[in-house]
Amino acid sequence: MTQVNPQAGQVTSPSDLTDPARHGKPFKSSSVNKVPRGRWFKEVGWRHLVGVIAIVYAIIPILYILSASLNPAGSVSATSILPQTFSMENYVALFTDPQRPFARWFLNTLVVAVAVVITSIFCSALAAYAFSRFRFKGRRGSLLTLLLIQMFPQFLAAAALFLLFTQIGEVMPVIGLDTLAGYIVVLLGGALGQVWLIKGFFDSIPRELDEAALMDGATHTQLYFRIILPLVRPVLAVTGLLAFIGVLGEFILASIFLRDNEIKTLAVGLYGLLDADRTNNLGIFAAAAVLTSIPVILLFQYLQKFIVGGITAGSVKG
């Protein structure tokens with residue numbers, strides 16, 4: 001049996017070693033971990049194919065909207081997936097035509113979205129904490145009632161809400177029809193819509209953390225705001241993002257309560273813009289859609305660090 005003793009400090013490769021059974025001929029290196037192409041495609045490759053198809057399927061509408069927004073013709077027939085001409089006329093027209101106050105619609109939407117998101121998340125988090133940490137009479141019935149209410153869409157009560165706020169507007173015009181305050185009050189009717197989702201996250205936090213904080217002298221308010229809320233930032237970020245997108249795209253109730261052109265939100269204003277001339281207003285509508293997507297993208301990028309960081313964060317005391 002031949003024994004190979006390489007010199008000190010000398011690096012040997014498998015090709016330098018000899019096989020005694022083959023009379024001194026070197027070993028042939030073979031890739032043991034090499035997977036056949038058929039097996040690779042069956043186990044892994046098809047996933048890449050599905051991913052590519054999904055990316056193409058998702059990017060085609062985006063490219064079409066971008067192309068339409070940069071097309072000065074502004075018609076359906078003159079728009080293609082890849083832009084043929086580049087012009088900012090549609091973007092300029094959004095802010096220069098007094099008949100379509102896009103900046104005003106944009107501001108109205110942001111005011112409504114911020115007010116509804118902050119209030120609804122705050123109320124849902126308080127209710128979820130109470131349902132998760134306390135045991136009281138009627139707790140189970142209240143949770144089931146919230147779940148039952150969420151099964152019915154809000155626009156089913158549109159006629160009743162319209163009559164109700166018509167009468168309220170006669171007494172308190174500030175929250176009547178054609179007011180942002182009244183529309184915000186209507187949307188806040190679903191302020192507890194995220195209770196079930198947030199409650200599940202509260203349940204995952206051990207109760208020993210509450211007991212330790214209370215034993216150290218913390219009040220219930222300090223326990224909630226300084227210890228519990230930082231630990232549930234991921235679910236607050238997700239629910240806030242979903243609520244913001246929901247308010248941004250809400251159309252049915254907005255079209256009923258906001259009829260004045262200066263009070264409209266983006267969903268109602270852009271629908272009226274496209275409905276007025278579906279052939280020639282495509283470019284302006286596409287430009288408005290591109291600008292409308294910017295707040296959602298920025299909000300997602302900002303909340304992403306809380307979603308990722310909040311999952312990995314713990315309550316380790318240094």
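User: What makes the contact of Asp210 with Arg133 a salt bridge?

Analyst: In this predicted model, the closest N and O atoms of Asp210 and Arg133 are 2.6 Å apart. A salt bridge needs a side-chain nitrogen of Lys or Arg within 4 Å of a carboxyl oxygen of Asp or Glu. The distance of 2.6 Å is within that cut-off, so the pair counts as a salt bridge. Asp210 lies in helix H8 (residues 207-215) and Arg133 in helix H3, so the pair ties together parts that are 77 residues apart in sequence.

User: Why are Asp210 and Arg133 called buried?

Analyst: Asp210 has a relative accessibility of 8%, and Arg133 has 10%.

User: How many salt bridges does a search of the whole structure find?

Analyst: The search finds 4 salt bridges. Among them is the one between the side chains of Arg259 and Asp178, at 3.4 Å from N to O. That distance is within 4 Å, so the pair meets the definition. Arg259 is in the loop between H11 and helix H12 (266-276), and Asp178 is in the loop between helix H5 (158-171) and helix H6 (180-187); the two residues are 81 apart, and the pair links distant parts of the chain.

User: What is stated about phi of Asp178?

Analyst: Phi of Asp178 is near 60°, a positive value in a residue other than glycine. Asp178 lies in the loop between H5 and H6.

User: What separates Lys199 and Asp203 in helix H7, and how do you know that Lys199 forms a salt bridge with Asp203?

Analyst: Lys199 and Asp203 are 4 residues apart in helix H7 (residues 195-203), which means that about one helical turn separates them. Their closest N and O atoms are 2.8 Å apart, and this is within 4 Å, so the pair is a salt bridge. Lys199 is buried because its relative accessible area of 10% is under 20%. Asp203, at 39% relative accessibility, counts as partly exposed.

User: Which residues form the nonpolar patch on the surface, and why can Ile60 belong to it?

Analyst: The patch is formed by Val52, Ile55, Val56, Ile59, Ile60, Ile62, Leu63, Leu66, Ile81 and Leu82, with about 830 Å² of accessible area together. Patch residues need over 30% relative accessible area. Ile60, found in helix H1 (residues 37-69), has 37%, so Ile60 passes that cut-off.

User: What lines the largest pocket, and what is its volume?

Analyst: The largest pocket has a volume of about 710 Å³. Its lining has 24 residues, of which Gln154, Leu187, Gly190, Ala191 and Gly193 lie nearest the centre. Helix H3 (102-133), helix H4 (139-150), helix H10 (233-248) and helix H11 (252-257) are the elements that give two or more residues to this lining. H10 gives the most, with 4 residues. By class, the lining has 15 nonpolar, 8 polar and 1 charged residues.

User: What about the second largest pocket, and which element gives the most to its lining?

Analyst: The second largest pocket, with a volume of about 450 Å³, is lined by 17 residues, and Val117, Ile121, Leu236, Gly240 and Leu303 lie nearest its centre. Two or more lining residues come from each of H3, helix H9 (220-231), H10 and helix H13 (282-312). H10 gives the most, with 6 residues. The classes are 15 nonpolar, 1 polar and 1 charged.

User: What makes a space a cavity, and how many of 30 Å³ or more are found?

Analyst: In a cavity a 1.4 Å probe fits but cannot get out, whereas a pocket is open. The search finds 1 cavity of 30 Å³ or more. The largest cavity has a volume of about 40 Å³, and 40 Å³ is above the 30 Å³ limit of the search. Thr109, Val112, Tyr183, Val247, Leu248, Glu250, Thr265 and Ala267 line this cavity, with H3 and H10 each supplying at least two of the residues. By class, the lining has 5 nonpolar, 2 polar and 1 charged residues.

Technical notes:
Residues are numbered from 1 along each chain as its sequence is written. This is a predicted model: local features need pLDDT of at least 70, side-chain atom pairs count only at pLDDT 80 or more; totals for chains, interfaces and linings use all residues. Side-chain values use heavy atoms; hydrogens and water are left out. On a 1 Å grid over the protein atoms alone, a cavity is a set of points where a 1.4 Å probe fits but cannot get out, and a pocket is an open set with protein on both sides within 12 Å along at least five of seven lines; lining residues have an atom within 4 Å of a point. Grid points are joined across faces, edges and corners, and a volume is the space filled by probe spheres set on the points. Ala, Val, Leu, Ile, Met, Phe, Trp, Tyr, Cys and Pro count as nonpolar, Asp, Glu, Lys and Arg as charged, and the others, Gly among them, as polar. Patches are made of residues with over 30% relative accessible area and no salt bridge: like charges are joined within 9 Å, nonpolar side chains (Val, Leu, Ile, Met, Phe, Trp, Tyr) within 5 Å. Accessible areas come from the Shrake-Rupley method with a 1.4 Å probe; for residues, only the protein chains shown count as cover. Buried means under 20% relative accessible area, exposed over 50%, partly exposed in between (1.4 Å probe, protein chains only).
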